[in-house]
Each structure stands twice: as C-alpha cells, then as structure tokens.
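Morning, everyone. Please have the picture up while I talk.

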Amino acid sequence: METLGGFVQAVNAAIRNIKVTRNIRRLFPVLLIFTIGGVLMFTLNRSSNIRLGSSSSSSVYFGLDSEDKPVTAQNNRWGGQTVARDIELPEATWTCAFIRSNGIWPRKNLPKVNLMSADAEADVFWQPRLQRSWRNVIRAHYVNETVFVHGFTMKRFGGTKNSWTFRAGRFSYDPIGRMGAWEMDHFFETGKELVLAQSELSTPFQTLPPEDTPICFRRAVIGLGSQCGLDYCENNAPAEVYKSFREEIAEYYWSTPLTWEKHVKNVQESINRTQEKERTHKYGQDKIEAQEQEAEKKKAAKLQLRCLDLARYYNFESAGPNHGIENGEAKSRVGQMHPDIVDPAETYQNLFDEGKEGEAAKESKRKLVVGIIQREGSRRLVNDEELIQGLVQAGFRVKWITFDHGCGIAETAYLLRDINVLISPHGNALGTSIFMPNHEAVPTVISVDTTRYHEPWFKFTTTAIGQRFIRTVCGPTNYVDEVSREHCPYFKDIKGAWDIMSSHSLVLGLPDSMVKTDKQKESMSGDERDKLRDASREYVKNNPAAQKLAEQEMDVLIGPEMPVSIIQKYGGIAYEFMGVYWKGSPRYVDVPRIVKFVQSLQQDLEQEKIKESAAITTTTTTAIKQQSESMGAAQKSYGPFVEYVRKGQACGPDDCEGILGRNVANEKTSAFGKHSVDDISKWGQPTSESQALRAGLTTEVLQRTWQIEA
C-alpha cells in the first residue's frame, strides 16, 4: 500500500465486503474523494513547511524543532550562492535533512544519530524527519556539496574548503556572545555554517536557512562517530588529526611574520569598526560622556587581541641574575612558526649556567619555555609572581598568560606555539595545550589542583595527543614535610564561599530542628525543597544568633580539616557545597617543588639531545637517511612520548593505568599508530608501525606512578 493505486484497491475491496444498502453504498465514492482530497491537502501543506528533524537530549538543549529556539529568517542573511529551483528527490534520501517516502503510511525505526562525543547525560540525538509525499520534485536551494553536522569528521569523510557545517543546536548555557569572532577563511571558501537562530549569527561565516524554500545538499555526514580521548567514547581520534589541525592554524595565521602582522591588523580594524558602529547606533553624533567612556573601557577589556597585550615575557632574550620582565615578545620571534629554530640558541646568554662546563653548558644554555596561565576570578594562583621568579632565577624562559579579558582562537594558538611546559589551575584553559609544539621536547602539562577536588578529564585529553600530564597540590593537608608547609599556607576564601552560598541550596546557621535529613529531602518535590530553602534563608536573615552561627559553621566548613560536624548536621548537601568551593577556590603553588620538577624536564630534554647526537656520530649520513625514511610518522612524532609511558613518566600521580591503557596501549582504542589524514580510506586502522610503537606497554609498566618529588 505504498502507492495511490494500491490504496484505492484496498478501499474498494473493503466497500464490497460491507453489507449495507445500495443507497448508502453510493455514498462511499463521495467519501473516498473527500478523504483523498484531505490527505493530498495535508501532504502538500506539510511539504511546503519542512522542518529539519528533531533532537532529544537529557540536557536543556535548543534543538532543531525546539519551540524555545524558533528559526528567525527575517534578516535576509542567506549566505549561499544559490537560487530556488525545482529538484528531483529520490526515495529515501537524506539529501534535504529528511527522508522522503511515497504513500501515506509511515516508515518505522528511522535512525537516531548521536551528535555528541560525550557522556550519556550530554548526548544529543538527531532523528531525520519522514516527509510523506507523492511528489518527487520539490522547489529548493540545492548546494552540490557535503554538509557536516559537527565538523570533527571533515578530514575523515573528504571535507573540502567548499563543504558546509550545520549547527544542529546548542546548550542553553553556551554563550553566543563571543570574545572576538574567529574567521574561518582558512577552513572554508564558499562553504558556510547553517544556524537556526538570529542570535547565533556571530560572523559572516554563519547563515540562516533561506526563508523562501528548503536548502538541500548533495551529501550529509552526521555525528562524530563516537570518537574522542575520553573513556565514554567507543573510538579514539588518531593523534595525527590534532597535529594536522595545529599545523593548519599555524600555516594560515603565521606562516611568515608578515602574515601574522596582517592578521593582527585586520582584527584590530574589525574591532574598531564594530565599536564605531555601536557608538553611532547608541549615542548618535553626541560627544561621549564619562559614563559612555566607562562602558567602552569595559567593552575594550573583552577583545580577542587583549591576551596578546597582557602576556608577559621573561628571559627570552637572555637570562641572568639581574634580568627581569621584557617589553613584549622579542622581535626575532614575532610571527615565526617555530621561534626557537629561527632564533639561534648560540647567541643566547644564560648567566645561570656559567658554572657548567663542556657539553652540559652548551646543551643547557637556553632552557625550556614555561607557560603560566593565571585566572583572576575563581581558581586563582595566589603566588604566581613567586612562581615566575623561581623559574626565572633557575634560567627558564617564562611566559605569563591570562585569557580572562578575551582571546581569539588564533591568538591562543599563537601564544602556546612555543610553550614546552604549561602550568595552569585545573579548568578549560588546560585545553589550550592542543597548540603546544611537539617537534622538540615532549610537551608537559601541570594542573594545579586543590586538596579536596581533582578530576581526571585532562589526563585523558593530553595523553591522547602525546603530552605528559601531572597534577600538583599545595596544601592545606598534603604536606610532605615542614618545608612544604611553609610554602603552602592555608588560604581561606571567605568571600568566594559566601558567593557560592548565595546560589546554593545549603543554608547554614539553622537549629537542628529545622534541618531535614537527606532521606526527608528525597521524598520532597522540587518546589517543596525550594520553599524549604527560601524559608531557611529568611529565618537566618532575621535572626542575629543564626547569622553568627552561620559564620562559625562556614569557618569550619571551608577550613583545612574535614568538617565532620557540619557534614553530620547537613548531610550530602554539605558535600556538594565543598565540591563547588574546592573546585573554584584560589590555590598556592609549591614553588620549590615545581621548579625542581621543571629542572628534571630540562634534564630529560638534554638526555634526548645527547642520545640523538651520539646516534648521529656513530651512524653514516646514508644510514641516517634510510632510517628516517623507514621510520613512520607516528614514531617520529610520538615515539619519545611512548618511551616516557614505558618509563612510567607520562602521567601522574594517580588514576593513570586505565587512561594510558586506553589511549596508548590498547590496540583498538590507542590514538597512536593509526591511519588518519595519511590515508582516509583506512581511517582508524593500525599502521605497519603500530605494534612496534606499543611494544612493552604491559600492565606492570602502566601501573608505575609519576609524581613531583619533594
């Protein structure tokens, strides 16, 4: 019954089987005509109002068919180079982001595609819509290119600079107001990104769908293939993909100093135009008053070039006891793709190495570049200046960075392009390590955590791209000796704690009679719990004795010792508060231990250079060339990292065995020694060097711990 003829025959057969009078039977053709007409009108109407499918998620999500985020197409911002025309659609095609089926009977079990590579709570499933119609021609915009829903798979499925992407939806807390827009010219030429809301048009790269007719593509690639460095993904993304991404960014933005200079100039001109336009729109031609000037200052603080202006450099031109902060980036390094290559090490003077002799002095003359990321709000490094001075006095080059006032992706990549060791409080800033170089020293990421909060997220992501990762904690309860206690004093963030409390369900200062147990609260509805919280806050607000008790309890709750009494009184909600507080609280860095650890990383690099030099000395030029040609890309790029895995010096101090097993040792899920950009037809399959690269990575080896020694 998939055709009109079949449908009519079935109805006639039903009529013949019904025992009714001849007069009533004569009415059936009339009813049949009205029924068919109604179906046709419904079908044609649905064909002219095609929606793009439906998405479902356990999170708050503005999806394709969400009534909370309707498509707004009143701005005439269709950026495609097409006009509407009649196109023929074959049966069961995904071409227009829906499946067409002949007849009125629905197909069942249309596939749902997960658009996310995330944990189950964040999964977002997109389901193609069934478009029932007897017409095989539709009026639409046709783009003879591939559209990617989430573009991580572009290299794998033959994406080009003319391909399109489709932002199928976004989480409600994902801000669209960006700190400077990232130009996409280096990835796309005629391609655009489809978005579904006016507010999501952040650059000329985005476009709304045409308002007159649907838009159809030659091919669609939907989802990410469940590939990422985290354990909830079925597959791993080959490490070479990240390297390719990093190299493409560098090639486009700073292949030469002139290219980088042009980019910075273009961004600044764009910022100036935007500010002038908004000034004119808001204030007309009137003079800017003091209030308007203040607004402009606040706005100027969130520009994508701001991080370049705020970055501080130490010891890049030379190092010595009297050497301090430098006036910006050294001219010889500005806009250089590989600064250490074009900035000769032979001319560098490091007076801290005067006592060394021979090869040791020569090899350690210019030391590693250490990047320090500072956060000015939560998770602030309290003693970052002390850390800077400790590293500077040890002869290291230091780059201090903050992203709090705005930074574009290109600028972020530029700042990280020569950093060998990255030190940062735990958080998204650690994700910038993707732009660290791996052509000399194996990159090392140091996460500064607190005693009562840490998570393994970035152990997964860094080890999946060939970077060493270690976390460090400085007090208030993990002192290894009295010296460490002096360097890691207890820091109590009273203001931050009360700021958290203002939006948290925990209310301190209550008498025991007003406190509900966890079991009692579980039996309450959400509205009932909200009313209980509001009533408790009102009680404390109007009761001086309760306010004093709340202050005392807060002092215990965020103190250096485990607040057993507070947890026993308030239950699990006190634990929840502690997690939020300790995750965001300011923290100290144990400077002597960190400096000593970075010195050990310098020694690792020097040992690698000595091995390389010895190999060159004992091998002929022809043999070196043959060895280099026979060595695969993975061995060249990630062999040294895997060697540190064998030594037990790639991840630490805990929770590393399973992570390294998944991302490095396991044949199926390893990110290394897999085909990717070299041969997309074999994507994810082991290369000929895969087995040799992973040799010796036994369970015993992966259990070795790596930690920052006292």
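Start at helix α9, residues 384-393. This helix lies across four strands: β14, β16, β17 and β18. Against β14, residues 312-314, helix α9 runs at about 30 degrees. Strand β18 covers residues 421-425. One caution before I go on: this is a predicted model.

Now the sheet behind those names. It is an open sheet of eight strands. The order is β15-β14-β17-β16-β18-β19-β20-β21, and the pairing is mixed. Which strands are at the edges? They are β15, residues 325-326, and β21, residues 651-652. Each of these two pairs on one side only. As a reminder, strands of a sheet pair through backbone hydrogen bonds, either parallel or antiparallel.

Zoom in on β16, residues 369-374. How many bridges join β16 to β17? Six, and the two strands run parallel. Take Gly371 as an example: its bridge partner in β17 is Lys399.

Let me step back to the whole protein. There are 710 residues, and 46% of them count as buried. The protein has 24 helices and 21 strands. Its accessible surface comes to about 36600 Å². Carbon and sulfur atoms hold 52% of that surface. What about contacts along the chain? Take those with a separation of 6 or more: 72% of them are between residues 24 or more positions apart.

Next, disulfides. How many does a search of the whole structure find? Four.

Cys228 and Cys233 come up here. Their link is a disulfide, S to S 2.1 Å. It is right-handed, with 105 degrees about the S-S bond. Cys228 and Cys233 are both buried.

Then Cys307 and Cys407. Their sulfur atoms are 2.1 Å apart, in a disulfide. The link of Cys307 and Cys407 is right-handed too, with 60 degrees about the S-S bond. This pair links distant parts of the chain, 100 residues apart. Cys307 is in helix α6, residues 306-310. Cys407 is in the loop between β17, residues 397-402, and α10, residues 409-416. Both cysteines, Cys307 and Cys407, are buried.

Is the link right-handed or left-handed? Left-handed, with -105 degrees about the S-S bond. Cys474 is in the loop between β20, residues 468-473, and α12, residues 482-487. Cys488 is in the loop between α12 and α13, residues 494-501. These two positions are 14 residues apart. Cys474 is buried, and Cys488 is buried as well.

Two more stops. Go to helix α22, residues 657-665. This helix is mostly covered, with seven of its nine residues buried. Which ones? Ile659, Leu660, Gly661, Arg662, Asn663, Val664 and Ala665.

Finally, Tyr575, found in helix α18, residues 572-584.

Over to you for comments.

Technical notes. Residues are numbered from 1 along each chain as its sequence is written. This is a predicted model: local features need pLDDT of at least 70, side-chain atom pairs count only at pLDDT 80 or more; totals for chains, interfaces and linings use all residues. Side-chain values use heavy atoms; hydrogens and water are left out. Buried means under 20% relative accessible area, exposed over 50%, partly exposed in between (1.4 Å probe, protein chains only). Contact means heavy atoms within 4.5 Å. Accessible areas come from the Shrake-Rupley method with a 1.4 Å probe; for residues, only the protein chains shown count as cover. A disulfide is a pair of cysteine sulfur atoms within 2.5 Å. Two strands pair if DSSP finds at least two bridges between them. Axes are lines fitted to C-alpha atoms, for helices over the stretch in contact, and angles run from 0 to 180 degrees between N-to-C directions.
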